[in-house]
Amino acid sequence: MKKPYVILIGSASGIGKSTIAAELAKKLNIKHLIESDFIRAVVRGIIGKEYAPALHSSSYDAYKNLRNKTRYENYEDLVSAGFDEHASYVIPALEKVIQRAITDYDDIIIEGVHLVPGLINTEQFEEYANIYFFILSSDEESHKERFVKRAVQIHRGGKQLDFFKENRIIHDHLLNQAEAHDVHVINAETIDKTLDKILSIINKFCTTVNLINSIDDLEDVIDIIINENNGSLEKITYNLKGFKEPLTRNIGVSDSESANKFIKTINENEDKKEYLSELYNLSEYRKTTICASNQEKLEKIIKELDERGYVLNE
């Protein structure tokens with residue numbers, strides 16, 4: 001039998017993970033969608049407050065129940081430690097849910113703040129399921145706007161709004177943990193763009209084309225692939241004149257923020273631009289692996305690159 005899908009979507013409160021998870025479940029026709037908050041409620045009924053005060057707090061103020069708070073160097077470390085303590089009580093139950101889904105060959109999506117890279121052990125399931133772990137991110141202004149909207153919707157405006165700073169610390173902590181444990185970070189933009197980025201990783205429709213664009217054309221190439229069509233740049237191979245072995249760079253860029261930051265760095269840093277120009281000059285073309293969320297979008301990307309004269313047609 002085919003391996004079931006286990007898709008984990010984590011983020012700080014107010015990023016939009018519940019919306020994205022629900023839309024993703026529709027796209028992939030996955031009937032099992034679970035919020036980690038429900039699992040937390042069950043665990044709270046089993047473990048009393050006197051034994052686990054951090055569990056019975058909210059994720060953003062669990063730090064108040066930590067012992068020996070003075071051992072933390074700063075407030076950010078204290079809040080992050082309290083958050084990890086809170087999540088650590090929920091994660092064993094989440095792992096049991098995943099195990100049950102795998103046993104029953106059921107696809108499942110789990111979303112929630114308690115999905116912390118490094119704390120939840122996904123490696124134990126990799127032989128038996130297709131595991132995909134995503135952490136959603138957002139710039140501070142967009143996060144605050146969504147955070148306020150959500151707090152009002154669930155009638156927790158007063159309490160939750162007082163803890164936006166702590167939720168932002170949790171946001172940054174999750175991103176750091178994701179980077180440390182090779183978990184995909186997806187910048188939450190519009191629903192369609194965010195879904196496309198996630199689906200391009202899950203479905204992984206990819207092809208390799210020979211690009212002949214110049215350095216000055218690079219911004220346009222990235223616009224076509226990432227900004228306009230929500231695709232990703234996975235790998236670039238330079239066949240360098242005078243060298244026996246090609247130079248391969250694994251890129252793995254799918255979000256507009258990272259792509260635009262790279263372009264800005266190239267445009268503002270003469271040394272980096274010169275280095276990249278030398279690579280371009282030494283290679284007649286660059287084998288570039290491009291991915292998209294479906295075959296139609298992938299073909300659209302290649303067609304647009306070809307129409308602009310960036311594809312070497314042999």
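Student: How many disulfides does the count come to?
Tutor: The count comes to 1 disulfide, taking a disulfide as a pair of cysteine sulfur atoms within 2.5 Å. This is a predicted model, where local features need pLDDT of at least 70 and side-chain atom pairs count only at pLDDT 80 or more, while totals for chains, interfaces and linings use all residues. Residues are numbered from 1 along each chain as its sequence is written, and side-chain values use heavy atoms, with hydrogens and water left out.

Student: Which cysteines does the disulfide join?
Tutor: C206 and C291, with 1.9 Å from S to S. They link distant parts of the chain, 85 residues apart: C206 sits in strand β6 (residues 205-211) and C291 in strand β9 (residues 283-292). Strands here are DSSP runs of E, at least two residues, and helices are runs of H or I, at least four, numbered from the N terminus.

Student: Why is the disulfide right-handed?
Tutor: Because the torsion about the S-S bond of C206 and C291 is about 105°.

Student: Is C291 buried or exposed?
Tutor: C291 is buried, at 0% relative accessibility. C206 is partly exposed at 34%. Buried means under 20% relative accessible area, exposed over 50%, and partly exposed in between (1.4 Å probe, protein chains only).
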